There are 2 protein chains.
Amino acid sequence: MTTPTTDPAEARARFRAGLRVPTAGWAPGYAQANMIIVPRDYAYDALLFGQRNPKPCPIIDVTDPGSPHTALAEGADLRTDLPAYRVWRDGELVDEPTDITGYWTDDLVAFLIGCSFTFETPMLAAGIEIRHITTGGNVSMYKTNRPCRPAGRLSGPMVVSMRPIPADRVADAVRISGQFPAVHGAPVHIGEPEALGIKDLSTPDFGDPVEIRDGEVPVFWACGVTPQAAIMASHPPFAITHAPGYMFVTDTPDHTYAV
Amino acid sequence: MTTPTTDPAEARARFRAGLRVPTAGWAPGYAQANMIIVPRDYAYDALLFGQRNPKPCPIIDVTDPGSPHTALAEGADLRTDLPAYRVWRDGELVDEPTDITGYWTDDLVAFLIGCSFTFETPMLAAGIEIRHITTGGNVSMYKTNRPCRPAGRLSGPMVVSMRPIPADRVADAVRISGQFPAVHGAPVHIGEPEALGIKDLSTPDFGDPVEIRDGEVPVFWACGVTPQAAIMASHPPFAITHAPGYMFVTDTPDHTYAV
């Protein structure tokens with residue numbers, strides 16, 4: 001396991017150099033972001049999908065067409081600074097590179113979407129274990145039976161992330177994450193995974209399985225991987241995303257998103 | 001003075017019938033909305049302007065092109081149900097009708113934007129006088145020296161609304177409005193209007209002047225009239241907005257926007 005750095009610019013530099021690891025626990029205290037990149041022709045649909053589905057898709061920055069730069073991290077390059085990407089053609093995954101410079105065109109627009117990792121730091125500070133950080137793995141993510149509100153040519157199910165929380169700390173987890181409405185906010189569902197259409201928690205659709213111990217409840221938050229489920233369901237001709245759990249590390253402190 | 005109704009559908013029916021009054025104090029407890037309508041070609045710029053300027057332009061619904069219907073009020077028609085509209089050509093105000101059916105085309109997209117009236121009801125309930133409701137007038141609004149973050153072809157200054165608040169209730173006004181981040185949230189500026197570039201509070205750029213009494217502080221909130229200032233600064237070929245203070249009354253309870 002590669003030891004995470006606490007500095008966001010250093011994290012991006014190591015990913016730029018080719019390090020491919022999930023970013024949970026990296027640069028704690030700085031917001032991480034999901035990413036979806038689409039051609040300009042699809043940008044309105046993507047932006048509207050975020051506006052209509054703010055719990056799973058809280059958009060925190062949008063680039064100008066062709067620009068790989070973001071207001072969330074000076075000097076960062078979105079083509080190289082994430083640890084892993086996914087390239088999609090007609091809704092099919094065709095590549096998982098660590099660099100997308102070869103795919104870049106002046107027509108592409110990148111959307112950065114808030115990430116639930118932002119509220120993991122204050123949850124840890126409150127003494128709530130985040131199991132996938134303890135184990136150095138990736139958070140568990142699942143497609144649900146809850147449809148997103150469609151936007152133009154984009155539609156698909158809501159994706160959730162899951163964290164096992166001791167029953168006597170669930171209320172604290174709700175209270176703490178609820179202070180960050182711009183980065184998914186409070187859970188969308190607590191316990192009862194079957195009601196979300198999740199048949200087996202041990203086989204997540206994205207990320208790694210996470211152990212749920214006696215006395216723990218699975219708690220579900222809306223997840224920024226939802227646009228990838230929309231790509232799979234809607235088959236746009238071309239898109240690039242981050243690889244689930246391999247996020248863009250910003251220079252923006254988590255507390256920026258607290259209310 | 002026409003007596004306001006407490007029922008949002010009844011309010012819309014009276015405006016549809018031609019009643020032209022500011023909507024402050026109408027259907028208390030239900031969210032009101034600013035509106036900007038642009039051709040499909042400008043819709044991405046308008047949506048991105050809202051994403052990049054969430055304090056003045058919190059977008060709460062977007063219609064599909066050509067549809068005058070919104071998820072915020074079943075059966076409402078955005079072409080007739082506001083008490084007054086403004087029609088803009090090349091950034092110039094050309095008409096202020098009570099009905100825009102004659103201007104409507106299948107190419108138009110409407111954006112509904114949160115309104116600070118939403119937090120006036122809980123402020124009243126906390127015993128804070130809202131002067132423009134007391135007097136039955138329109139809230140005072142001012143262009144400021146604070147530029148919005150541009151989006152495509154749209155740019156312009158932030159507009160603020162002003163309410164005089166007793167000095168010993170300003171903290172309460174901050175706390176209460178801060179619970180509604182999706183509808184402008186906490187004030188952007190308290191006291192010191194000159195620092196916002198406002199030379200004379202008695203001559204607002206939009207709405208009516210409001211008396212400020214001894215012991216009261218002018219408190220400024222980001223305002224959903226900001227897109228109209230962007231229209232004046234950016235000269236899009238065509239746009240329709242609500243008339244400032246003459247809002248769209250939704251069926252959505254104010255508490256929907258509380259965190």
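1. In this predicted model, A:D41 is exposed, with a relative accessible area of 51%. The cut-off for that class is over 50%. A:D41 is the partner of A:R153 in a salt bridge, and the closest N and O atoms of the pair are 3.0 Å apart. A:D41 belongs to helix α2 of chain A, whereas A:R153 sits in the loop between β6 (140-147) and β7 (157-166) of that chain, so the bridge ties together parts that are 112 residues apart in sequence. A:R153 is partly exposed, at a relative accessible area of 39%.

2. The relation between the two chains can be stated briefly. Chain A is superposed on chain B by a rotation of 180° with 0.0 Å of shift along its axis, and the RMSD is 0.0 Å. The two copies are thus related as by a two-fold rotation axis. Among the residues of chain A, A:Y44 comes closest to this axis, its C-alpha lying at 2.6 Å.

3. The interface involves 19 residues of chain A in contact with 19 residues of chain B. Of the area that chain A buries against chain B, 40% is supplied by A:Y44, A:L47 and A:Q51, more than by any other three residues. In total, chain A and chain B bury about 1500 Å² between them, with 52% of it on carbon and sulfur atoms. Because 100% of the interface residues of chain A are also interface residues in chain B, the copies meet through the same surface.

4. Tyrosine 44 deserves attention in both chains. The largest nonpolar core of the model has 62 residues. Within that core, A:Y44, A:F111, B:Y44 and B:F111 are the residues with the most contacts.

5. The rule finds eight residue pairs in polar contact across the interface of chain A and chain B, both residues of each pair being at pLDDT 80 or more. On the side of chain A that touches chain B, the elements giving two or more residues are α2 (40-52), β2 (59-62) and β5 (108-114) of chain A. The most is given by α2(A), with seven residues.

6. Four salt bridges are found by the rule across the interface of chain A and chain B. One of the bridges in the model joins the side chains of A:R52 and B:D64, at 3.3 Å from N to O. A:R52 lies in helix α2 of chain A and B:D64 in the loop between β2 and β3 of chain B, so this pair joins two chains. A:R52 is buried, with a relative accessible area of 9%, whereas B:D64 counts as partly exposed at 41% relative accessibility. The side chains of B:R52 and A:D64 likewise meet in a salt bridge, at 3.2 Å from N to O.

7. Over all chains, the count by this rule comes to 30 salt bridges. One pair within chain B is formed by the side chains of B:E129 and B:R131, at 2.9 Å from N to O. B:E129 counts as partly exposed, at 30% relative accessibility, but B:R131 counts as buried, at 4%. In chain A, a network of salt bridges links A:E129, A:R131, A:E211, A:R213 and A:E216.

8. Where is B:T70 placed? B:T70 is in the loop between β2 (59-62) and β3 (85-89) of chain B. Despite this loop position, B:T70 counts as buried, at 8% relative accessibility. A polar atom of the B:T70 side chain lies 3.0 Å from the backbone nitrogen of B:L72. Leaving aside residues up to four places away in sequence, B:T70 touches B:D61, B:L78, B:L112 and B:F248.

9. A:P8 counts as buried, at 5% relative accessibility. Not counting residues up to four places away in sequence, A:P8 touches A:A27, A:Y30, A:V249, A:T250 and A:D251. The C-alpha atoms of A:P8 and A:H184 are separated by 21 Å, the two residues being 176 residues apart along the chain.

How values were computed:
Residues numbered from 1 in each chain as written. Chains lettered and ligands numbered in written order. Predicted model: local features only at pLDDT ≥ 70, side-chain atom pairs only at ≥ 80, totals over all residues. Heavy atoms only, no water. Core = buried A, V, L, I, M, F, W, Y, C linked by side-chain atoms within 4.5 Å. Buried < 20%, exposed > 50% of the residue type's maximum accessible area, 1.4 Å probe, protein only. Least-squares fit on C-alpha atoms with pLDDT ≥ 70 in both. Contact = heavy atoms within 4.5 Å. Buried area = accessible area lost by both parts, 1.4 Å probe. Polar contact = N/O pair within 3.5 Å; in protein donor to acceptor, adjacent residues only side chain to side chain. Helix = DSSP H or I, 4+ residues; strand = E, 2+ residues; numbered from the N terminus.
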